[in-house]
Amino acid sequence: MAASSRAQVLDLYRAMLRESKHFSAYNYRTYAIRRIRDAFRENKNVKDPVEIQNLVNKAKRDLGIIRRQVHISQLYSTDKLIIENQEKPRT
């Protein structure tokens, strides 16, 4: 993978994770983050430049979908779940 392609993929990965953290619903947020990580891990050994470009294009479309869904989820936000309100244990 060329350096620019690798940097582009990493930037896209970070942008998708960053945007997914804005979901107001806990279940959507955790699912999106888990699914993004799994998809990128699944395709980390792809070497074919054409296939890499196809995957990058798909990820860009998915990033647009995530952005739209985050915006919609913020319009119709709900109360936080009990699991979200727990304090982290002090050490």
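Helices here are DSSP runs of at least four residues, numbered from the N terminus. With that in hand, take T78. T78 sits in the loop between helix 3 and helix 4, and helix 4 covers 82-85. Keep in mind that this is a predicted model.

Is T78 buried or exposed? T78 is exposed, because its relative accessible area is 60% and the cut-off for exposed is over 50%. Y26 is 52 residues away along the chain, yet the two C-alpha atoms are separated by 10.0 Å.

Now the overall picture. The protein has four helices and zero strands. Along the sequence, that reads α-α-α-α. There are 91 residues, and 25% of them are buried. Next, the contacts. Take those with a separation of 6 or more: 68% are between residues 24 or more positions apart.

Let me turn to helix 3. Helix 3 runs over 49-75. That is 27 residues, reaching 39 Å from the first C-alpha to the last. The expected figure, at 1.5 Å a residue, is 39 Å, and the helix comes close to it.

P49 belongs to helix 3. P49 is exposed, because its relative accessible area is 60%, over the 50% cut-off. P49 and S5 are 44 residues apart in sequence, but their C-alpha atoms are 9.0 Å apart in space.

Which residues of helix 3 are buried? They are I52, V56, A59, L63, G64, I66, V70 and S73. Some of these names come back in a moment.

On to the core. The largest nonpolar core has 16 residues. Those with the most contacts inside it are L12, M16, F23, I36, V56, L63 and I66. Helix 1, helix 2 and helix 3 each give two or more residues to this core. Which helix gives the most? Helix 3 does, with six residues.

Stay with F23 for a minute. Leaving out residues up to four places away in sequence, F23 touches Y28, R29, A32, I66, Q69, V70 and S73. Of these, I66, V70 and S73 are among the buried residues of helix 3.

Compare that list with S20. S20 lies in helix 1. S20 is buried, because its relative accessible area is 0% and buried means under 20%. What does S20 touch, with residues up to four places away left out? The list is R29, A32, I33, I36 and I66. So I66 turns up for S20 and for F23, because contact means heavy atoms within 4.5 Å.

The largest pocket has a volume of about 850 Å³. Its lining takes in 28 residues, and the closest to the centre are M16, I36, A39, F40 and A59. M16 and I36 were also on the list of residues with the most contacts inside the core. A59 was on the buried list of helix 3.

Where does the lining come from? Helix 1 (3-20), helix 2 (26-42) and helix 3 each supply at least two residues. Helix 3 gives the most here too, with nine. And the classes? The lining has 20 nonpolar residues, two polar and six charged.

To wrap up, look at helix 3 on the model.

Notes. Residues are numbered from 1 along each chain as its sequence is written. This is a predicted model: local features need pLDDT of at least 70, side-chain atom pairs count only at pLDDT 80 or more; totals for chains, interfaces and linings use all residues. Side-chain values use heavy atoms; hydrogens and water are left out. On a 1 Å grid over the protein atoms alone, a cavity is a set of points where a 1.4 Å probe fits but cannot get out, and a pocket is an open set with protein on both sides within 12 Å along at least five of seven lines; lining residues have an atom within 4 Å of a point. Grid points are joined across faces, edges and corners, and a volume is the space filled by probe spheres set on the points. Ala, Val, Leu, Ile, Met, Phe, Trp, Tyr, Cys and Pro count as nonpolar, Asp, Glu, Lys and Arg as charged, and the others, Gly among them, as polar. The expected span of a helix is 1.5 Å times one less than its number of residues. Buried means under 20% relative accessible area, exposed over 50%, partly exposed in between (1.4 Å probe, protein chains only). A nonpolar core is a set of buried Ala, Val, Leu, Ile, Met, Phe, Trp, Tyr and Cys residues joined through side-chain atoms within 4.5 Å.
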